[in-house]
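Trainee: Could you pick one part of this model and take me through it close up? After that, I'd like to see how the rest of the chain is put together.

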Amino acid sequence: YVAKADATTGAQVWRTYLDNANVSGRWIGNANLNILDNGNIAFAWSNQIVLIDGDSGHILRHNTLPPGEAPVEDVNYKHLTIAPDRTLILKCQTRPIGETGQGTMAIVKGVMAGKKQPNSYMCAVDPDSLEVLDGISLPEPATSPHIVTTEAGRIAIYVPAVTSVLRYHWDPVAKKLSRDSTWAMKPMKAGQGTATAPTLVGEWVAVQTNGAPSNKISSSIAVAHRDDASRMQVIFPFGDLEPGGWSFAPPKPGADPENGMIYSADVGMGKVAGIEIDQATGDLRKAFVVENRTSTFQPVIGPKDRRVLLLTNMKMKDPKQQIMEATLGGAYTEQLTWRDAATGRILAESDYFEPITINSLTTPGFGGRVYFSTINDFIVLQAVPAPH
């Protein structure tokens, strides 16, 4: 379902149910929505897409999306973005053939079991009618989200795939998607998992590796120049992976382009790093590393000279349980911490609650509010000054 909540109290305003996997038989993975300039909500899951009235929650339009090479039961159009011309650019995740689990973690479990993951498909959709305007098959599976930006007057789409990060273009006049064969980034080392969604830092495209887990090599941050993908710099902020270790970094890297900072989080290694980037050369340098186990995004808020980094922090219910089992099984509680974004020093921290979904966002709101959406509740948190 999609629900609307009061931004101040968290109270539910409306809820619109869209699917029941027990009835439809569809694979339902994690999903994210986007809000159009007219207030309507575009939302996709499985091979379905709807347009929802933001005021009432009523479904205005519905359509199905092409599965590409994958069986229709193994696609999930989690990745929905809005291009500068309002066109919806969507890309599907694919579940490995033979895997029947629900949720996005079905991809990880299927890949770890050695099952074949079909290639992904990307399409452009009219934001008002939901008509599919064009589509293009990708050369690889692309489990992580893409991003959309504008470069030299063209709409560019950066797509992280299993072995590379690719660039595509959307032509709003011709209504065509095309691959840019002149640009491809190769950030993964042998043994590393897929790259996460890219993050733009000035003229650099930054990705986090081990978006799919690895027990062979630790995660890294890689940056490549938008004009020349061969200009690439890489840093391993957490050092080597110890024997028997597990590295898993599902969220895209956080960033503060104004202050030249990139943030990396590896839930398997239990650490978060702040990394300085020289935006002239792309050189990367560790600013800090803190012990903080999180699988979620790292938003940065506040004015330039007083940036605050928001990090969730997990506490295992059984410290003796293996991290991989505890993480994938949700055997932990989770809090939100507010940290100095330049040093990683804790400024404030919440109580511990039930977990939020892996690879989720603790969304900043107005007035210092932060929305903490757990598996059971929608919690509104706010840090307040300490009493004098």
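Mentor: Let's start with strand 4 and strand 5 (residues 48–52), which run antiparallel and are joined by five bridges. Before going further, keep in mind that this is a predicted model: local features need pLDDT of at least 70, side-chain atom pairs count only at pLDDT 80 or more, and totals for chains, interfaces and linings use all residues. Residues are numbered from 1 along each chain as its sequence is written, and side-chain values use heavy atoms, with hydrogens and water left out. Strands (E, at least two residues) and helices (H or I, at least four) are DSSP runs numbered from the N terminus, and two strands pair if DSSP finds at least two bridges between them.

Within that pairing, A42 has L51 of strand 5 as its bridge partner. The hairpin of strand 4 and strand 5 has two residues between the strands, and S46 takes a positive phi near 45° there. Now look at the other neighbour: strand 3 (residues 33–35) is also antiparallel to strand 4, with three bridges joining them. In that pairing L33 stands opposite F43. The hairpin of strand 3 and strand 4 has five residues between the strands, and here G39 is the residue with a positive phi, near 90°.

So what about the side chains of strand 4 itself? I41, F43 and W45 point one way, A42 and A44 point the other way, and all are buried (buried is under 20% relative accessible area, exposed over 50%, partly exposed in between, with a 1.4 Å probe and protein chains only). With five of its five residues (41–45) buried, strand 4 is largely enclosed by the rest of the structure.

Now step over to helix 2 (residues 105–112), whose buried residues are M105, A106, I107, V108 and G110. These pack against strand 8 (88–94) and helix 3 (323–329), where contact means heavy atoms within 4.5 Å. Just after helix 2, G114 takes a positive phi of about 85°.

While you're in there, check the cysteines. A search of the whole structure finds zero disulfides, a disulfide being a pair of cysteine sulfur atoms within 2.5 Å. Take C92: the closest cysteine sulfur, in C123, is 8.0 Å from its own, too far for a bond. Looked at from the other end, C123 is in no disulfide either, and its nearest cysteine sulfur is that of C92. C92 counts as buried, at 0% relative accessibility, and C123 counts as buried at 0% too.

Inside it, five bridges join strand 16 (residues 204–208) to strand 17 (residues 221–225), and V205 has A224 of strand 17 as its bridge partner.

Another open sheet of four strands goes 19-20-21-22, again with antiparallel pairing. Here strand 19 (254–256) and strand 22 (284–291) are the edges, each pairing on one side only, and the twist averages 20° from one strand to the next. Strand 21 (residues 271–277) runs antiparallel to strand 22, with seven bridges between them, and A273 stands opposite V289 of strand 22.

Finally, zoom out. The protein chain comes to three helices and 29 strands. Its radius of gyration is 20 Å, close to the 21 Å that the globule rule gives for 388 residues, so the chain is as compact as a globular protein of that length; the radius is taken over C-alpha atoms, and the rule is 2.2 Å times the number of residues to the power 0.38. The C-alpha trace spans about 55 × 50 × 40 Å along its principal axes. Of the 388 residues, 52% are buried. Among contacts between residues at least 6 apart in sequence, 49% join residues at least 24 apart. The accessible surface comes to about 16,900 Å², with 50% belonging to carbon and sulfur atoms (Shrake-Rupley method, 1.4 Å probe; for residues, only the protein chains shown count as cover).

Definitions and conventions:
Axes fitted to C-alpha atoms, helices over the stretch in contact; angles between N-to-C directions.
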